[in-house]
Amino acid sequence: MGHYKPSEKPNNIMVLCFLFALHGAALFGLIFFRSHWHLLPLTCIYIFLIQNLGITFGYHRCLAHRSFELRYKWMERLFVTFGCCGFQMGPIWWCSIHRMHHKYSDTSQDPHDRTKGFWYSHIIWLIHLDPHYTLPPKSEFYFDNVKDIYADPYYRWLDKYFFVPWICSLAAFYSIGAWPWVFWGGIIPFLYHHHATWLVNSVTHRLGYRSFETKPLTDRSTNNWLIGLLAIGEGWHNNHHAFPSSAKHGFFRWWELDLTYIVIVLFRNLGLVNSLKIPQQVTNALGQSSTYASRQSVKIIVRRAK
Ligand SMILES: [Zn+2]
Ligand SMILES: [Zn+2]
């Protein structure tokens with residue numbers, strides 16, 4: 001696979017304009033639709049559907065890391081489609097960028113390289129993409145590290161038309177409750193889960209504690225309780241970098257609450273998960289017997305912090 005080379009000059013200005021427009025729409029909405037705050041439960045439900053079931057459960061742990069396998073393929077596709085409702089680009093694009101991040105963490109080949117500063121790793125990286133990652137994809141480089149996902153024709157279609165589920169969801173909100181529903185159900189959750197995801201890239205490679213030495217040695221991932229809460233279990237990021245294929249991210253400390261893993265366990269208890277991976281060291285420490293240890297995870301660990 002070739003190396004990821006971020007563009008030195010901003011090359012994705014449309015994205016920047018779009019994000020500015022949505023932040024502006026949020027401000028506008030807070031002024032004109034604040035009296036509809038009773039729609040807040042709708043916001044919470046949509047955040048759960050998109051951020052949790054769509055992005056963390058679907059895009060990240062199920063697809064990008066294959067840390068568990070759902071019993072039914074249609075169910076996996078459904079949750080990945082929820083992820084598209086979050087407008088964080090398509091599943092092939094997202095997973096390719098993310099796998100690149102794990103492979104080259106905190107180096108110039110990391111798409112959201114923390115060494116270029118907080119705001120670069122939070123949002124500015126989106127307008128300095130390697131040209132292979134701007135639309136339309138120009139070469140095989142784009143899907144070289146996600147061939148397993150690219151093999152699915154539905155994901156290829158979804159990657160190309162990733163905006164369709166998002167537009168459909170906004171249209172549904174509008175037809176039910178007009179602009180207040182679009183604002184509380186579409187815009188606020190959109191901003192929430194985008195920033196929650198970006199905070200994982202920016203804060204949890206900068207602030208927090210480290211339980212593991214990680215490879216590559218440039219990797220400075222951290223565990224951060226605030227991001228753990230906001231990003232629904234994704235803030236135990238040093239644990240995750242140490243064991244990328246583990247379905248469980250919160251490990252040894254009582255406060256490492258991992259809501260996404262709780263949802264995975266719920267699905268497992270309902271008989272909807274065929275298999276899930278938890279590193280041998282973690283199951284040993286937790287006194288659990290069943291495990292699907294990942295060779296990659298076991299190899300990567302060097303030591304636990306005191
Ligand atoms: Zn990371
Ligand atoms: Zn990951």
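**A walk along helix H8**

Ala-178 lies in helix H8, so let's begin by selecting it in this predicted model. Check its backbone: phi is positive, about 55°, although Ala-178 is not a glycine.

Leu-170 is partly exposed, with 18 other C-beta atoms within 10 Å. Leaving aside residues up to four places away in sequence, Leu-170 touches Val-182 and Gly-186. Now draw a distance from Leu-170 to His-23: the two are 147 residues apart in sequence, and their C-alpha atoms are 16 Å apart in space.

His-23 brings us to the next stop. Show helix H1 (residues 13–32) together with H8 (residues 163–202): they pack at an angle of about 130°, with their axes 10 Å apart. That angle makes H1 oblique to H8. The crossing of the two helices is left-handed.

Which residues meet there? On the H1 side select Leu-22, His-23, Ala-25, Ala-26 and Gly-29; on the H8 side, Phe-183, Ile-187, Ile-188, Phe-190 and Leu-191. Of the residues in this contact, eight are nonpolar, two are polar and none is charged.

For the last stop, go to Arg-66, in the loop between helix H2 (40–64) and strand E1 (68–70). Here too phi is positive in a residue other than glycine, with a value near 50°. Arg-66 is partly exposed, and 17 other C-beta atoms lie within 10 Å.

Key. Residues numbered from 1 in each chain as written. Chains lettered and ligands numbered in written order. Predicted model: local features only at pLDDT ≥ 70, side-chain atom pairs only at ≥ 80, totals over all residues. Axes fitted to C-alpha atoms, helices over the stretch in contact; angles between N-to-C directions. Helix = DSSP H or I, 4+ residues; strand = E, 2+ residues; numbered from the N terminus. Parallel < 35°, antiparallel > 145°, perpendicular 65-115°, else oblique. Left-handed = near helix turned anticlockwise from the far one by under 90°. Contact = placed C-beta atoms within 7 Å. Nonpolar A, V, L, I, M, F, W, Y, C, P; charged D, E, K, R; others polar. Buried ≥ 20, exposed ≤ 12 C-beta atoms within 10 Å, placed from the backbone.
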